Amino acid sequence: MGKGNYVLHTIKLKSKDLMGLCNHYERRKTENSSNPDIQRDLTSLNYELHRDTDEKIDYENDVKSLILERYEGRKLRENTTFAVSFNISSGKEFFEGMSQEREREFFQANYDLIAEKYGKENIISARVHKDEETPHMHLVLVPFTQDNRLSAKELFTKQSLRELQDIGSYLKEQGFDIERGKPKDEKKR
C-alpha cells in the first residue's frame, strides 16, 4: 500500500448529460465504449455503496423522479444542474497491496462524509469502478438545498469545494496514507 494524493473532482450535469452518465457508470454499451481503459473482464468487480443492490441504475429516471417528488421551486430551465457527480480516488500506487476490505473502507468513508454534508436522501448512486487502471468512485447526487430548491451554485461554492478536499485530511486521521492535494493558488508558488 503506497502513499497517495487525495483526488475529488465534481462535475455539474444537465438533463441531457444523464443518459451518457448512465451508460458509463453502469457500463451499458461497453462493447462500443470510447474508453479504452475499461477492462471488461473485471467489470463484475464493480460495486454499489448507496443502494442495497448491484442492479443497474437508470440515472435519468431516478434523478428526474426525485426532482418531481421534492422540488419546490419555479419551472426548471434547460441549463439547470440536475445532478452533481463526484469522482473520488487516489493514485494507482495508493491502492497497490491494499486489501479489498480496506479499499471498501476508503470509499465508504468518502460516501459517509458526503452523505452527512449533502444528505443521504439526495444521493442517487455511489458506484465503485474496479475495472479501470485505478479504483475510483462515482457518486451522484441531486443538489437540493435545505428548502428543496435545486442549486448547485449555492451548494458548491469555491469555499465548499475547498472543504471537500479536506476529506483527505480526515482519511489520513483514519489511517490511510493519503495527502490532501494542494490548492491551485499554492501550486503556482
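**Exercise 1. Determine how many residues line the second largest pocket, and which of them lie nearest its centre.**

Solution. In this predicted model, the lining of the second largest pocket consists of 15 residues, and those nearest its centre are Arg74, Arg77, Thr80, Leu150 and Ser151.

**Exercise 2. State what confidence the prediction carries, and which elements have the lowest and the highest mean pLDDT.**

Solution. Begin with the protein as a whole, whose mean pLDDT is 85, with 87% of the residues at 70 or more. Then turn to the elements: the lowest mean pLDDT, 58, belongs to helix 8 (residues 184-187), whereas the highest, 96, belongs to helix 4 (residues 100-118).

**Exercise 3. Classify the aromatic pair of Phe86 and Tyr118, and say which parts of the chain the pair ties together.**

Solution. A pair of aromatic rings is described by the distance of the centres and the angle of the planes. The whole structure holds 10 aromatic pairs. For Phe86 and Tyr118, the centres are 6.2 Å apart and the planes make an angle of 50 degrees, and the pair is tilted, because only planes under 30 degrees apart count as stacked and only those over 60 as edge-to-face. Since Phe86 belongs to strand 4 (residues 83-89) and Tyr118 to helix 4, the pair ties together parts that are 32 residues apart in sequence. Both Phe86 and Tyr118 are buried.

**Exercise 4. Classify the aromatic pair of Phe86 and Phe156, and decide whether each residue is buried or exposed.**

Solution. The ring centres of Phe86 and Phe156 lie 5.9 Å apart with 65 degrees between the planes, and this aromatic pair is edge-to-face, because the angle is over 60 degrees. The pair links distant parts of the chain, 70 residues apart, with Phe86 in strand 4 and Phe156 in the loop between helix 5 (152-155) and helix 6 (158-165). For burial, the cut-off is a relative accessible area under 20%. Phe86, at 0% relative accessibility, therefore counts as buried, and Phe156, with a relative accessible area of 7%, is buried as well.

**Exercise 5. Identify the rings over which the charged ends of Arg70 and Arg102 sit.**

Solution. The charged end of Arg70 sits over the ring of Phe144, at 4.1 Å from the centre of that ring. For Arg102, the ring is that of Phe176, and the charged end sits 3.7 Å from its centre. Phe176 also belongs to one aromatic cluster, together with Phe94, Phe95, Phe106 and Phe107.

Methods
Residues numbered from 1 in each chain as written. Predicted model: local features only at pLDDT ≥ 70, side-chain atom pairs only at ≥ 80, totals over all residues. Heavy atoms only, no water. pLDDT = per-residue confidence, 0-100. Helix = DSSP H or I, 4+ residues; strand = E, 2+ residues; numbered from the N terminus. 1 Å grid on protein atoms, 1.4 Å probe; cavity = no way out; pocket = protein on both sides within 12 Å on 5 of 7 lines; lining within 4 Å. Phe/Tyr/Trp six-rings, centres within 6.5 Å; stacked < 30°, edge-to-face > 60°. Buried < 20%, exposed > 50% of the residue type's maximum accessible area, 1.4 Å probe, protein only. Lys NZ or Arg CZ within 6 Å of the ring centre and 35° of its normal.
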